[in-house]
Amino acid sequence: MYQLNQVDKKFPGVHALKSVDFTIGRGEIVGLVGENGAGKSTLMKVIYGAYQPDGGTITIDGKTVRFQNPRQAMDHGIGMVFQEQSLITNLTVAENIFLGFEQQFVRWGVIDWKAMTAAAKRQLAKVKLAIDPATVTSKLSFAQRQLVELAKVLTLEERIDGDLVILLDEPTSVLAREEVELLFSLVRELTSRASFIFVSHRMDEVLELSDRIYVMKDGAVVDVVAQAEAQVEAIQHKMVGRDVDKEYYREQKQRPYDASKVLASFDNVSVAGKYDGISFDLHAGEVLCLVGTEGSGREAILRTVFGLEKPTSGTIKVKGAPYARTTAQEAVARGVGYVPRERKVEGIVNGMTVYENMTLSQMKNYSSGGVLRIAEEKALAEDWIKRLSIKTPDVYKDCGGLSGGNQQKVVLAKWRSGGSDIILLDHPTRGLDIGAKEDVYDMVREMCDAGAGIILVADTLEEAIGLSHTILVLKDGVFQKRFDGSPGDKPSLYDLVHHMI
Amino acid sequence: MAITQTTTRAGISRDTLVKWAPLLVLLVLCAFFAVMEPRFLSTRNFARILIAATPTLMVAIGVTFIIIMGSIDLSMEGAVSVCAVAFAYCFLWLGGTLASWAWLAIPFAMLVGAVLGFVNGLIHVKLKIPSFMASLAMGFVGTGLAMVMTGGDRIRIEDELFRALLTERIFGFPLMVYVAGLFLLIAWFIQTRTTLGRNFYAVGGGEDLAVASGLNVARVRIMGFTLAGVFFAVGALLAVGRIGIAETATGNNFMFLSITAVVVGGTALWGGIGGVWNTLVGVLIVFVIGNGMVVIGLPGYVQDAVLGLLVILAVILSTDRKSISFVK
Amino acid sequence: MSEFIKDFIEKEKINRRNFLFASAYGLGGAAALGALGPTMARAALTDPTIAWSYRNRTNPYWNEIVSGGEAFVQSLGMSKDALTHLINEGSSEKSLADVKAILAKTGGNLALAIDTNDAPNARPVVEAVAEAGAYVSTLWNKTDDLHPWDFGDNYVSHMSWSDEGPAEQTARILLDAMGGKGGVVHLGGIASNNPAIERLNGLKNALKDYPDVALLAAEPADWDTQKANQVMSAFLTRYGDEITGVHCANDTIAYGVLEALRAEGIEGMPIVSYDGNPQAVQLVSERKILATVFTNPHWGGGITAALAYHAAIGSFKPSEEPNEHREFYGPTIMVQPEDALEFKANYLDSVPTYDWNDFWGPSNGPITYK
């Protein structure tokens with residue numbers, strides 16, 4: 001019923017969509033996969049009216065339509081659930097749901113809050129979310145917010161007579177596994193009323209949910225497969241144009257760690273409200289993975305190791321001694337390096353060059369009396385650009401202009417070149433394409449071989465299993481179970497999930 | 001890949017435009033005034049513009065560092081007044097001529113500036129008061145202090161040696177222009193070659209990240225304000241050198257002029273972008289307008305309007321409005 | 001703080017008494033005719049409270065005004081603390097409220113000297129005072145339609161200054177020094193300020209008699225030394241040698257002009273200014289400035305209080321005085337090189353002892369309305 005015919009979109013110098021055909025039937029769930037930059041976002045923007053195509057037509061039930069803006073698309077029943085959460089966090093849930101459509105509740109110039117709240121309740125019921133619509137959005141968890149977003153889009157139901165098409169852009173990226181399940185079951189139920197277009201980096205989820213899958217590469221649809229015939233490897237092959245190595249996580253390169261050398265240890269450590277009674281040892285050459293849902297205490301443990309969080313009880317030893325002062329500076333001085341989840345916010349400084357970013361944490365080593373030895377900095381940067389094959393024209397390139405994968409490499413180079421041997425990785429592959437992910441996995445192995453210990457919070461459970469020597473499962477801040485992850489003896493997904501939830 | 005390429009390509013041309021626009025504006029202004037009045041384009045007139053501009057340049061450089069950090073320092077008027085008055089009293093007390101121990105008044109004034117800046121930074125960082133508020137308050141304290149010290153009086157500095165800053169010329173430009181040039185180079189050195197300068201950009205580019213890289217952000221901030229204080233003091237010394245008077249009013253107008261100059265020069269108010277050369281161009285734009293308007297015979301209020309328009313233009317140019325959808 | 005700064009602060013405190021910061025910007029004193037007014041005359045008062053109502057004392061000009069008021073109180077054999085200070089901080093509402101409060105407190109046994117902060121506020125103040133049977137003299141602000149003679153004895157007098165005449169006089173001195181030919185530039189105050197307008201008009205009036213002198217440019221310098229310095233530099237670029245004289249709206253501007261000339265190595269350029277600041281007077285004595293005008297706020301503040309007081313105790317009956325004794329301009333003293341040092345010794349280095357019973361001697365004629 002909704003159809004794109006030979007749709008073309010050009011930007012100066014780039015052919016972003018190359019005569020794309022796209023169909024979605026009533027009640028269908030269509031998956032959309034492709035590497036970063038394959039044209040997924042452009043296609044979605046065309047669908048929900050943010051871009052106007054340069055060529056081709058869009059038809060709904062055979063009638064040609066043309067949207068000047070997303071609002072017009074909405075009037076035709078097309079709604080978008082945004083990846084970056086589009087809720088305004090200081091407004092209430094009800095206000096967010098009806099943002100821009102308050103007119104229906106206005107009586108004599110005043111908003112009838114009761115009516116709005118009741119209407120919001122009905123919307124929330126559709127997504128099975130039992131929260132008070134008067135709650136301020138910032139108080140919700142990310143998963144709840146995602147559902148509120150969906151509820152907001154579902155208001156189209158009441159406004160529009162015809163069919164609905166709802167776009168889900170990376171809806172699962174901030175959700176834990178059980179929340180993903182919840183969302184999926186919800187989406188399946190809602191197919192009685194709407195069709196869905198589902199975009200995700202996580203191939204397994206796309207396969208699980210979608211009836212058909214569109215595979216995009218370089219602005220063109222290269223394949224359409226039905227769920228029954230879909231195979232992860234075949235799709236990945238189509239997406240990247242090459243085989244995805246069976247040894248994706250570099251298991252063959254995993255060497256046993258040095259059990260005699262403890263780099264950091266937690267002894268019954270607690271941080272009030274975050275986690276409780278956690279103990280572990282991190283050894284040289286070990287990848288220790290913390291597994292748990294969002295809010296299980298994984299990130300808080302990383303922050304504690306990095307001196308950003310002060311333990312309320314228990315003992316932390318880094319290189320055999322506790323911190324004198326709980327600060328990041330102290331941690332950095334002890335050789336701890338932190339690769340945060342949000343690269344743009346906490347990983348690299350936009351506007352600073354590659355070499356400036358690399359020496360940011362270790363300027364003392366490259367200065368005398370406060371004056372920088374820039375030649376040495378550049379030499380270091382050039383060395384690491386080669387070692388990690390960072391794709392940058394030169395050391396002067398603004399780091400903000402690099403691709404995500406290369407930014408991640410710069411961050412890793414920053415810590416490794418500074419001699420950090422306790423590396424904290426928080427979702428290091430989030431938002432990277434497959435090639436860049438593999439580079440990161442390679443680096444993880446190399447760091448271990450060089451004697452570094454890594455504490456990892458992985459992006460997916462597969463990644464956690466594939467990469468780690470040791471897995472600690474956490475739930476609500478409490479330790480559940482320890483798994484050994486030697487090659488050939490790795491725990492299964494089910495084992496982990498069983499203890500997570 | 002396709003999409004990222006477009007944005008970068010469009011971005012490069014925009015970046016280039018933003019980078020060179022201030023200089024372009026300056027050249028266009030100079031050309032315009034030269035066409036309207038050929039006498040504008042003479043060494044003597046450029047010397048006049050530079051004499052007027054040097055104190056503001058020093059103050060603007062000081063505040064540039066702060067703005068690069070993403071903070072703001074509005075204490076310049078009070079700081080300049082206090083430094084000028086402290087210098088004048090110290091100078092007269094120690095003998096009133098550079099040929100005596102009175103030269104010590106120069107480092108003394110810079111020390112006063114540093115202390116004011118240090119206190120300013122300390123209040124901002126330790127009491128967690130927004131820099132805008134902390135520095136504005138410090139500025140009032142400074143103005144008040146200068147008023148108490150002078151009782152509203154003016155102190156004349158008549159020493160021929162000190163006034164040589166204005167009266168002695170090399171290649172047609174008075175000494176103060178060279179002194180300002182020297183401090184500009186020092187500022188450039190600090191900006192590009194020292195850990196402190198690098199840290200300013202790191203803090204301005206992403207404070208969370210600076211913390212996550214183990215930088216002592218509080219220390220960087222306090223040092224930044226201290227450094228700004230020293231440059232305010234240099235500005236005060238040149239202001240006294242220019243008119244031979246130290247008074248509470250010495251600091252007047254520096255806030256508007258220096259912030260305008262920094263913004264017009266292309267340093268972004270949210271930090272991380274820009275530098276002292278931008279500020280030099282910005283200061284020159286402001287003073288070329290001030291001089292050129294009078295030289296071609298336009299009334300003063302047109303000047304203010306033109307400056308205001310330039311500020312808006314500068315902010316429009318330096319803001320990637322695609323990335324910022326709402327402005328508060 | 002070091003000893004020398006303390007010393008200076010001490011010195012300045014004493015100095016401030018002598019220091020005349022006669023820059024009464026923005027205090028317009030224009031006027032016109034016609035009005036009505038209730039009169040509730042009452043017999044002379046005995047031992048009335050003497051009060052001065054003004055902006056605040058941190059402003060050097062008002063400090064000088066009030067020190068005159070204190071000098072007058074002391075001349076009566078009282079301590080200077082006997083003068084009641086009503087400080088309005090620039091608020092007309094507070095000014096009026098203060099007056100009403102003190103009228104209630106003294107039961108109308110009051111001699112009030114006041115600047116009402118703005119012109120419209122003068123009427124309610126005067127009416128409140130007359131109602132209570134107290135006596136008031138005003139300085140600077142009143143509307144043109146408000147006149148002392150419409151209130152019998154209770155509204156004793158009003159004093160203001162016009163800058164146009166004195167500015168014209170200095171202009172003539174300047175134009176003569178230029179030999180009656182060449183080009184003159186004017187650096188003014190804030191463009192919309194009344195004194196700034198009057199002082200420029202003074203120059204324009206004088207120029208009518210000097211057809212060979214061209215007014216090259218008149219540019220506001222905002223009463224600011226640094227701005228004046230910049231504007232003068234730009235004038236030098238535009239006009240170069242055509243400039244043979246500079247007319248400054250006040251002393252502060254003249255300092256900036258002098259330094260702009262010094263930077264170019266130009267000496268002996270005829271300059272005149274206004275206000276009679278100590279440094280300007282010094283420069284006049286050195287012939288670097290040809291003339292400045294002194295307005296004597298100390299006397300103005302003292303005599304305003306004296307008029308209200310003596311009318312209150314019945315030393316004279318205001319309603320029997322001619323109009324020019326009830327609305328008059330304050331004194332202006334032309335300071336020129338010949339008499340600059342003498343003037344400095346008499347007025348600035350020491351405060352002259354005034355005869356506070358000579359109400360109108362130094363005054364400058366009746367206020368005229370345009």
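Two strands count as paired when DSSP finds at least two bridges between them. Helices (H or I, at least four residues) and strands (E, at least two) are DSSP runs, numbered from the N terminus. Welcome to a predicted model, in which local features need pLDDT of at least 70 and side-chain atom pairs count only at pLDDT 80 or more, while totals for chains, interfaces and linings use all residues. Residues are numbered from 1 along each chain as its sequence is written, and chains are lettered from A and ligands numbered from 1 in the order in which they are written.

**View 1. Strands β6 and β7 of chain C run parallel.** Seven bridges join β6 (residues 182-188) of chain C to β7(C). For one pair to look at, take His186(C), whose bridge partner in β7(C) is Ala218(C). Both strands belong to an open sheet of four strands with parallel pairing, in the order β7-β6-β8-β9 (chain C). At the edges stand β7 (213-220) and β9 (271-272) of chain C, each with a single partner strand, so one side of each has no neighbour in the sheet.

View 2. Axes are lines fitted to C-alpha atoms, for helices over the stretch in contact, and angles run from 0 to 180 degrees between N-to-C directions.

**View 3. Six strands of chain A form an open sheet with mixed pairing.** Their order is β6-β9-β10-β3-β11-β12 (chain A). Since β6 (78-81) and β12 (220-226) of chain A are the edge strands, each with a single partner strand, one side of each is left without a neighbour in the sheet. Neighbouring strands are turned by 20° against each other on average, direction ignored. Inside the sheet, five bridges join β3 (residues 29-34) of chain A to β11 (residues 212-217) of chain A, and the two run parallel. Gly31(A) stands opposite Ile213(A) in β11(A). Helix α5 (residues 142-153) of chain A packs on the sheet, touching β6 and β9 (164-169) of chain A, with its direction at about 170° to that of β6(A).

**View 4. Chain A is divided into two parts, domain 1 (2-240) and domain 2 (245-335 + 461-501).** These bounds come from an automatic or database domain assignment. The centres of domain 1 of chain A and domain 2 of chain A, taken over C-alpha atoms, are 36 Å apart. Where they meet, four residues of domain 1 of chain A are in contact with five residues of domain 2 of chain A. The side of domain 1 of chain A that touches domain 2 of chain A has two nonpolar, no polar and two charged residues. Ala, Val, Leu, Ile, Met, Phe, Trp, Tyr, Cys and Pro count as nonpolar, Asp, Glu, Lys and Arg as charged, and the others, Gly among them, as polar.

**View 5. Chain B meets chain C.** Here 35 residues of chain B are in contact with 33 residues of chain C. Among the helices of chain B that each supply at least two residues of this side are α2 (43-68), α3 (76-93) and α10 (217-243). By class, the side of chain B that touches chain C has 16 nonpolar, 12 polar and seven charged residues.

Definitions and conventions: Contact = placed C-beta atoms within 7 Å.
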